[in-house]
Structures are given as C-alpha cells and as structure tokens.
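Welcome, and thanks for taking a look at this one. Please have the sequence and the model side by side as you read.

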Amino acid sequence: MSEFDPAPGDGNDAFQRWQSDTDTFDRVYDVVLGVTTPTTYRDIADRADCSANAAKKHLDRLTEMGVVQKDEQSRPARYERDDGYLEWQEASRIARELSVEEIIDRVADLEAEQQTYEQRFETADPESVTVFDTTDHEAIHERMQAVSKWQATTRDLRLYELARQLAQNDGHLIPA
C-alpha cells in the first residue's frame, strides 16, 4: 500500500470500485487532473495504482493531447494538469448548455461587474490591490473577499467569452 492509498475501512470500497471500474489510462487521467503541483510519474503511478512505466506512457500521451504539462528540466520529469485545458473544457460545457444570447447576456453582466471593481479599486488589475493598507481586521477581510470575487469575475468573464467564441463558431475558435 502506498502513502496515497486510503486506509482500510476509510472509504476503501470506493477506491476499490474506482480501481476495478476504470482502466489504467482513465485512472492516470483522473489522478493528474487532481494534481496541483508538479508531480513525478512514479507518485502519479502510486495514486493511480499502476506501474510507473504505464503511468509515464499515459502521461506522455496526455501531454501530447494538451491535458498535461511536463517539466522536462526536472529529473525525473514532473507532470501537472494544464489549467488551460480545464478552462477549455468548462467553456465547452457552457457553450453546449447555454444559447449564444444567454452567454452574451452573462458576458455583459460580468463586464459590468468587472468595471465596478475597477472603479472601486482604481485599477484594472486585481493583483495590484493592496488589502493590508489598514489595521482594521474587518476592512482587511472585506477587501480580501472583494478582490477574491473580482478574480472569480475575471476568470468567469474569460470562460464565458471563450464559450461565446465556441458557440458562435460551432466549436471552432477563431485565432485572436
């Protein structure tokens, strides 16, 4: 048992079902989508319950597909999910589920929300906002929440804009 396996009796049934109901490629795919930091193929193999060679083969395939990024400078190579792929997946889902008009309306709402934040903080970049410019704990907390919501708005705007492009072009992006 590796350090990543659940302890017996702690949801092990779900792990065993996942292990028996999915093939190696799908297990490697599931694991790497959950990886948030560059991780060696051996560690991914442990989590996916497969051989290191099988994990490396599938990770290299996922890298070619654009799902995974590979850091070839590290030894052994480390892999992590490509967040751009996840954004494209989410935008594709939005484009399938909503009409172009609904997406355009949502983009307009998000743009208005973003403009409100830009006016409030007098900048177009939420990363440039200083939240610790006061000693008032409540004010710091409120600014942190506002900046976090602004960052989410910026992300959502990017997703909905991509979804609009996908929906208007039958799933094919026009280069910017």
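## A buried aromatic pair

Phenylalanine 121 and tryptophan 150 are both buried, where buried means under 20% relative accessible area, exposed over 50% and partly exposed in between, with a 1.4 Å probe and protein chains only. Before going further, note that this is a predicted model, in which local features need pLDDT of at least 70, side-chain atom pairs count only at pLDDT 80 or more, and totals for chains, interfaces and linings use all residues. Residues are numbered from 1 along each chain as its sequence is written, and side-chain values use heavy atoms, leaving out hydrogens and water.

## Overall layout

The protein has 7 helices and 3 strands; helices (H or I, at least four residues) and strands (E, at least two) are DSSP runs numbered from the N terminus. Along the sequence they follow the pattern α-α-β-α-α-β-β-α-α-α. Of the 176 residues, 31% count as buried.

## The aromatic cluster

How many aromatic pairs are there? The count comes to 2, taking rings of Phe, Tyr and Trp (its six-membered ring) as paired if their centres lie within 6.5 Å, with planes under 30 degrees apart called stacked, over 60 edge-to-face and the rest tilted. Tyrosine 117 and tryptophan 150 make a stacked pair, at 5.8 Å centre to centre and 15 degrees between the planes. This pair links distant parts of the chain, with tyrosine 117 in helix α6 and tryptophan 150 in helix α7 (residues 137-168), 33 residues apart. Both tyrosine 117 and tryptophan 150 are buried.

The rings of phenylalanine 121 and tryptophan 150 have centres 5.7 Å apart and planes at 5 degrees, so this pair is stacked too. Because phenylalanine 121 lies in helix α6 and tryptophan 150 in helix α7, the pair ties together parts that are 29 residues apart in sequence. Tyr117, Phe121 and Trp150 form one aromatic cluster.

## Elsewhere on helix α6

Glutamine 115 is also found in helix α6, and its 45% relative accessibility is why it counts as partly exposed. Between glutamine 115 and tryptophan 150 there are 9.8 Å in space, C-alpha to C-alpha, while they are 35 residues apart in sequence.

Aspartate 105 lies in helix α6 (residues 100-121) as well.
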